[in-house]
Each structure stands twice: as structure tokens, then as C-alpha cells.
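Please examine the sequence and the model together while reading.

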Amino acid sequence: MKKRFDAYVQISVGPTLHGIAFTMDDLAQAMERADLDGALVSCLKPSNYDFDAANKTLAREISGHPGIAGLARIDPWQREEALKAVRRAVEEYGLVGLHLNPWEENYAVSDPLVDPLLRYVAEQDLVVRIAAGYPVVSHALQILELAQRHPAARTLLTHGAQLDNSGLSIRDALLLAKRTTHTYFETSGVYRRDFIEDLVASIGAKRVFFGSNAPILEIEPELERILAAHLSLQERDAVLGGSLAEYLGWTVLM
Amino acid sequence: MEIIDAHAHADEAEAFGWYDPPEKLIRFMDEAGIAKAVMTTYADEPGPEAALERLLDYAARYSNRLIPFARMDPRYGDRVLKLFRDAVLHYSVRGLKLHPVSNITHPFGDASVRLIRLASELGVPVLIHSGDQTMCEPWQIAEAARLAPDAAIIMGHMGGFFHVPEAIRAAEVYPNIYLETSAMPYTRLIREAISRIGVRRVLFGSDQPAGHPKVELKKIEVLKLPPRDNELVLGGNIARLLGLKKAA
């Protein structure tokens, strides 16, 4: 079987704001149960709001775990300090990019506040993962505005960039996908079975990644979302792991 | 155990660009081992799409598998009340579906409440789309439940992506609210709902063929419910509401 990687996991590296505990050990067990070979992780929001300390702890927790790569959680409201924090996370702690959560950190993703961070991502050829599809703060077309300002920032969008159980944001997410070539789509929680199929048909499996959003969501049903989709075996293997590995650089998850 | 899906669709309307004839739904049901499904259209009646006519046609073609809920537009006042009454009394319709996104009608506005009360008088349940959109929030639907306390109101998607905790709290307040599990991805909140409002008011739904029934069934499977509770969620509860068999 080809290697399977999870593009969206968060772990707790201390007390979390929402009281959720999911340690690196918990993740290792969950991955074993689900036959996963690796994951792209960031930290759940720490209750003390000290993202820099949490990023440092995350890097320590994941070291020695093959297949695990870490992203720095960054709050753009920290402005110059945010840029320093991401530099530290990458250059000192060894993380491979950053994770932005406009929903939990309260900003519109298209706000110029985010620009210095994405410029850094592009300059350093890092990756950025954005909690996407959230109303008001990270709707697909807000992301499109951001993405068009940063065509060299390889941007991974969670939830297929649409969290809308009326289905009315699907067209927006597909527009974003087609209008850009540097956006990548993670699949946790997405509405409509055929959205994943349409996405793969529109932009190719190389830009679509399986993700679980563990521990907020459970890995098994999210994995089933891919296994049950009508994809070719080659496409399915790519979505389940190959595409993410290529996106990160093949050696990162090995 | 017979699995009954409390929320599914078939329609060949151009609305939304989704082409899902009943054969597609039946194929999905067969693949997932689902015996019966509550079926609604994507389009409302009255409207330009002849939705009710199609619904009745689909139900007639698969009468042992599909349970039609008529998707009605409350804005048509007395006309829609008559249409719905006739659909239940003289045709095969077994429930009412309201989708405030498509007709921009408040679930607790007079027009909607009159329809909901009529469904209650006719002894059929009401499935209302709930979620994060305007006029679909749980407390808006809960107000309709308050105004029509004898109606069995099924909150489709149990609050969507961002309103599930509110849906659970609303169902704690109003015993005539039932929570249907499709499209919301949080298995731990299904477990919490069962714990807080009791297993008899939580209904498995898939929203197929929009939702994938295998994914939706997996959400229930991972809960590892006791066998009796599992049977209620996967079919017993909706069967009881529909009078398909003796109340469990």
C-alpha cells in the first residue's frame, strides 16, 4: 500500500484554550489505528496564548517521530513579533511552515496584516496552511484575494475552503481552485460527496490532500470520505498521501 | 436491522446544478446497505420546477424504498397549505420539508408556522434544514418548535458546522425537536447529543447523494453505541416518527 499522510492534525503541547487534549502519543496511536504513515501537525491553541512557546514545544514533541512535520501557529495580530516568531520557528525550531487560523485568532484572511507572513513564506519557499471556509474570515473568495496578492506562496486550505452545509459555497471554492495554481485543498469536513471528485477533476489530484482535522474530527470517517469517493486508484493514492509528500518535498515526511 | 435514512434527496431540477435522479439515490442506498430513505427534492413547491410532481413520481417508482417529504414554499399561504394537505391525504407524502435558504422565509414566521401546524394536525413530521445560514439557525427553528409544540420537528444537519452545540441546547429545551446527523462532521457532538437529549431523539441521516452514505454511517459506527441504541439511531427513531412500525 502507498504511504498515507494526514494533512491536517493539531496536537496539544500543554493546556489548550478549548480544553482539548491530544498529545503526540495520542496521535501516534490514532495513526496506527488508521494505518497512517505521517501527518502535518500544528498546535491546538494554547490557553496561555503563548504561541512561540507552543511552537517550540511542538518541535520538540514531534522530533524523533518519522513522518511527522510541524507548522508554526502564528497570530498575525502580533505584527512584527509574528514575523520574528515564524522566523524562529523555522530557523531555530525546524518547523516547515506556518499555520494560520483566522477563525480562532479573529482576523479576515485577506487583511494586509497577513501579507508580511506570506511574503516570508514565498521568499523562503515554505508552506502555509490556512483554516479555510469559515464564514466572514476565510471564505473562498477572501482567500482568492489573498492568494492573488501572493502567487508564490504555496497555500494549503483546510476543509476544501468551504464549510457550508447548504452547498452554496461550493462554486466559490471551485472558482478559487481554478483561478489559482498555487492553492492546495485539504478535505476534512467538506460538504457534498462529489465536491472532492469535482475538485480532482478540475485541478488534478496533486492539489488535493486527505486531512482529518483530528482531534476536532475523527480520522476514520474522514478517511472514508476519500475511500468512498469515485476516484481512480492513482488519484486516490495521490490524495491519500502522495500529493502532500510532493507538496512538502519528498524527504520531509520520511 | 433495517437502516432508514432520515434525510436524502432526489431531483432533476436545474436548481443548484445538481442532477440526482432517484436511480442514483437507490444505487447509493444499495451500496451502503440502507433499506429506506426519507426523500425530498432540491426545489420547492409551488415553483417553476414541478417539484411535487417529480417527488410523487419518484416515490411511486420506488414505493418500498423512498419515503417522500414534500418540500414546500411557505410564502404561498393558503395555496401551499391546500397543496400540502392534499399531498398527505390523497397522495403518498409522509412529511414536510422546509429549507429557509431556498425561500428566505423565517422558520418561526406566521407562514412557516401555519404549515408546521398543519403537518402536526396531519400527523406527519417536519424536516427543517438547519445550519449556519440566515434563518436556519437552531434557535430560529426552536422558536417554531415553541409555537407548534405538537409538531415533531427534525433539525436536519443538527446545526451544521458552527451551530451544533446550540442545536443540542435547543433540543434540551423543546422535547419536540429531533436532531438529524448528516453533513455535520463532529462525531463527538453526536455522542454528546445522545447523552444530553436521549437516544430516541437522534436520527441518522446522510443527505445522500450530496452526502456520502458510507461516510455518514461511519460517523455512527465509530460511536460504538449499545446495539439497542444503535438500532434506534439508524432507523428505529425515524420509523417511530413515521408510524412505520410499533413505537420502540
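Is A:Arg33 buried or exposed? A:Arg33 is exposed, with a relative accessible area of 66%, where exposed means over 50%, buried under 20% and partly exposed in between (1.4 Å probe, protein chains only). The model is predicted, so local features need pLDDT of at least 70 and side-chain atom pairs count only at pLDDT 80 or more, while totals for chains, interfaces and linings use all residues. Residues are numbered from 1 along each chain as its sequence is written, chains are lettered from A in the order in which they are written, and side-chain values use heavy atoms, without hydrogens and water.

**Position of A:Arg33**
- A:Arg33 lies in helix 1 (residues 24-34) of chain A; helices are DSSP runs (H or I, at least four residues), numbered from the N terminus.
- Although A:Arg33 and A:Ile219 are 186 residues apart along the chain, 9.3 Å separates their C-alpha atoms.

**Extent of the interface**
- In total, 32 residues of chain B are in contact with 24 residues of chain A, contact being heavy atoms within 4.5 Å.
- The two chains, B and A, bury about 2,500 Å² between them, with 61% of it on carbon and sulfur atoms; buried area is the accessible area (1.4 Å probe) that two parts lose on being put together, summed over both.
- B:Trp18, B:Phe161 and B:Phe162 supply 24% of the area that chain B buries against chain A, more than any other three residues.

**Charged pairs**
- Chain B and chain A share 2 salt bridges, each a side-chain nitrogen of Lys or Arg within 4 Å of a carboxyl oxygen of Asp or Glu.
- A salt bridge joins the side chains of B:Lys218 and A:Glu220 (3.8 Å, N to O).

Key
Helix = DSSP H or I, 4+ residues; strand = E, 2+ residues; numbered from the N terminus.
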